[in-house]
Amino acid sequence: MQGHKYDRAKSLFEKVIAGPSPELADRAGVHLNSCIQQINRDSASFKTPEERYDYAVSLMNMGNYVGAREVFQELTSKHPSLDFVWYGTAALNCLMGHFPDAIAGLNEAIRLNPANRFQARNDSDFRSLADDPRFTELLYPDTSAEEPPDAQKWHF
């Protein structure tokens, strides 16, 4: 169960329940029910990547970072062009303290949709990165080199 291999744990608990010890069978029954609940939760069907994303965010908000990471990994591999998937992955990585991965994911989210830059500026999930210069540069890039000099701005 601790390894989140609920199908395997379920079959082992069923064997214990069928065994000779009623005390162990009673305790195994409790764990078996937990396994069945987890299997049913994990097998929930989602019609769209957005629904799957919402599920991952709910796991993340409940503190189930391992479960959320599994869902986000699946989403990024199946839907790499969806910016919100990368944004959610970045937020999760930041909450888990995986800061280089958080910055890489946020960079991809911003590349796919520049509006994510503005959303991340006020997102409390990225609070741990507030003083990181890589994060600051990503959210507040220096665009002065892209602007034409004043003389060229007003040339008619």
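These are my notebook entries on a predicted model of a protein, written down as I looked things up.

**Ground rules**

I number residues from 1 along each chain as its sequence is written, and my side-chain values use heavy atoms, with hydrogens and water left out. Since the model is predicted, local features need pLDDT of at least 70 and side-chain atom pairs count only at pLDDT 80 or more, whereas totals for chains, interfaces and linings use all residues.

**Entry 1: the overall fold**

I began with the helices and strands, which are DSSP runs numbered from the N terminus (helices are H or I with at least four residues, strands are E with at least two). I found 9 helices and 0 strands, and the pattern read along the sequence is α-α-α-α-α-α-α-α-α.

Next I looked up burial, where buried means under 20% relative accessible area, exposed over 50%, and partly exposed in between (1.4 Å probe, protein chains only). Buried residues account for 31% of the 156 residues in the protein. The protein exposes about 10200 Å², and carbon and sulfur atoms supply 53% of that area; the areas come from the Shrake-Rupley method with a 1.4 Å probe, and for residues only the protein chains shown count as cover.

I also checked contacts, which are heavy atoms within 4.5 Å. Among contacts between residues at least 6 apart in sequence, 50% join residues at least 24 apart.

**Entry 2: the nonpolar cores**

I noted that a nonpolar core is a set of buried Ala, Val, Leu, Ile, Met, Phe, Trp, Tyr and Cys residues joined through side-chain atoms within 4.5 Å. Which residues have the most contacts inside the largest nonpolar core? They are Phe72, Leu106, Phe126 and Leu129, in a core of 27 residues. The elements that give two or more residues to this core are helix H3 (49-61), helix H4 (65-78), helix H5 (83-95), helix H6 (99-112) and helix H8 (133-139). A second, separate core has 6 residues, among them Tyr6, Phe13, Leu32 and Cys35.

Leucine 106 sits in helix H6 and counts as buried, because its relative accessibility is 1%. Leaving aside neighbours within four places in sequence, leucine 106 is in contact with Tyr87, Ala90, Ala120, Phe126, Phe135, Leu138 and Leu139. Its C-alpha atom is separated by 9.9 Å from that of cysteine 94, which is 12 residues apart from leucine 106 along the chain. Leucine 129, not counting residues up to four places away in sequence, touches Cys94, Phe99, Ala102, Ile103 and Phe135.

**Entry 3: helix H4**

The 14 residues of H4 should span 20 Å, and the end C-alpha atoms are 20 Å apart, which agrees.

The buried residues of H4 are Gly67, Ala68, Val71, Phe72, Leu75 and Thr76. They lie on the same side of H4, because they cover an arc of only 165° around the axis, where the arc is that of the directions from the helix axis to the C-beta atoms. These buried residues pack against H3 and H5.

Is threonine 76 buried or exposed? I found that threonine 76 counts as buried, because its relative accessibility is 15%. Apart from its neighbours within four places in sequence, threonine 76 is in contact with Val85, Trp86 and Thr89.

**Entry 4: salt bridges**

Side chains of opposite charge can pair when their charged atoms come close. My rule for a salt bridge was a side-chain nitrogen of Lys or Arg within 4 Å of a carboxyl oxygen of Asp or Glu, and by this rule I count 5.

One of them joins glutamate 74 and arginine 52 (3.1 Å, N to O). This pair links distant parts of the chain, since glutamate 74 is in helix H4 and arginine 52 in helix H3, 22 residues apart. Glutamate 74 is partly exposed at 28%, while arginine 52 is buried at 15% relative accessibility.

Another joins arginine 111 and glutamate 108 (2.6 Å, N to O); because they are 3 residues apart in helix H6, they are separated by about one helical turn. I also noted the salt bridge between arginine 134 and aspartate 132 (2.6 Å, N to O). Finally, salt bridges that share partners join Arg52, Glu74 and Lys78 into one network.

Note on methods: The expected span of a helix is 1.5 Å times one less than its number of residues.
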